[in-house]
Amino acid sequence: MLKKIVLALTVALATASVHGKHADSKTTSIFYGRFELKVPTHQLAGAKILSVDGPVIKFSDSVILAGTIATHETLGLPEDFELARYPRYIFGLETTDSLSGELKQVLEGALGSFGIGPGAETAAIEHERGVVYSACLFPSCLIFATRAAEPEQLLMLFPEGFSRDKILGFLGVSLAFSGL
């Protein structure tokens, strides 16, 4: 319980004026633990910000961005499981053949439990800080961000109505510099 309270406290909204891609554009930083998204401030005009397991933003055009920090505990995984591989298994990018039967069953049913169907387009995008995994079947996506510096946490995002590229932009990940 204390771990959830600490995570809830660290998943805070912080507003900082920083320069974006254009010299006169400003962004608002949204923090999920140590993961940061930078959303153009003008897009937040008229938005409603709620908190569930992390910040949920309903933008004025009714698109939604929700997210949380995932840990071994919140995903129901054993502590010795390599958390950064979780998205690879549930998106079918890596087989579960070498895993125990119980763990294999948990992982194979996970994608559907997040509301993403089998026809989703999956991608793994490497960048200088880690890997962003996505499974999208418009208008819904499930996105995980991993960072080598944060092996005990995953950023989990649930955007509704956003393109994958838009979310990657919020994460500061460019396909041109992704290493793929």
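Reader: Leaving aside neighbours within four places in sequence, which residues is Leu155 in contact with?
Author: Beyond those neighbours within four places in sequence, Leu155 is in contact (heavy atoms within 4.5 Å) with Tyr32, Phe35, Leu37, Thr68, Ile69, Ile143, Phe144, Ala145 and Leu171. This is a predicted model, in which local features need pLDDT of at least 70 and side-chain atom pairs count only at pLDDT 80 or more, while totals for chains, interfaces and linings use all residues. Residues are numbered from 1 along each chain as its sequence is written, and side-chain values use heavy atoms, with hydrogens and water left out.

Reader: And which residues have the most contacts inside the largest nonpolar core?
Author: Leu37, Phe59, Leu65, Leu155, Leu157, Ile167 and Leu171 do, in a core of 26 residues. Such a core is a set of buried Ala, Val, Leu, Ile, Met, Phe, Trp, Tyr and Cys residues joined through side-chain atoms within 4.5 Å, where buried means under 20% relative accessible area, exposed over 50% and partly exposed in between, with a 1.4 Å probe and protein chains only. A second, separate core of 23 residues includes Leu103, Ala120, Leu154 and Met156.

Reader: Changing topic, what is the strand order in the open sheet?
Author: The order of its 7 strands is 3-4-5-9-8-7-6, with antiparallel pairing. Strands here are DSSP runs of E with at least two residues, numbered from the N terminus along with helices, which are runs of H or I with at least four, and two strands pair if DSSP finds at least two bridges between them. Strand 3 (48-51) and strand 6 (121-127) each have a single partner strand, so one side of each edge strand lacks a neighbour in the sheet.

Reader: Which cysteines form a disulfide, and how far apart are the sulfur atoms?
Author: Cys136 and Cys141 do, with their sulfur atoms 2.0 Å apart, a disulfide being counted when two cysteine sulfur atoms lie within 2.5 Å. The torsion about their S-S bond is about 115°, so this disulfide is right-handed.

Reader: Is Cys136 buried or exposed?
Author: Cys136 is buried, at 12% relative accessible area, and Cys141 is buried as well, at 6%.
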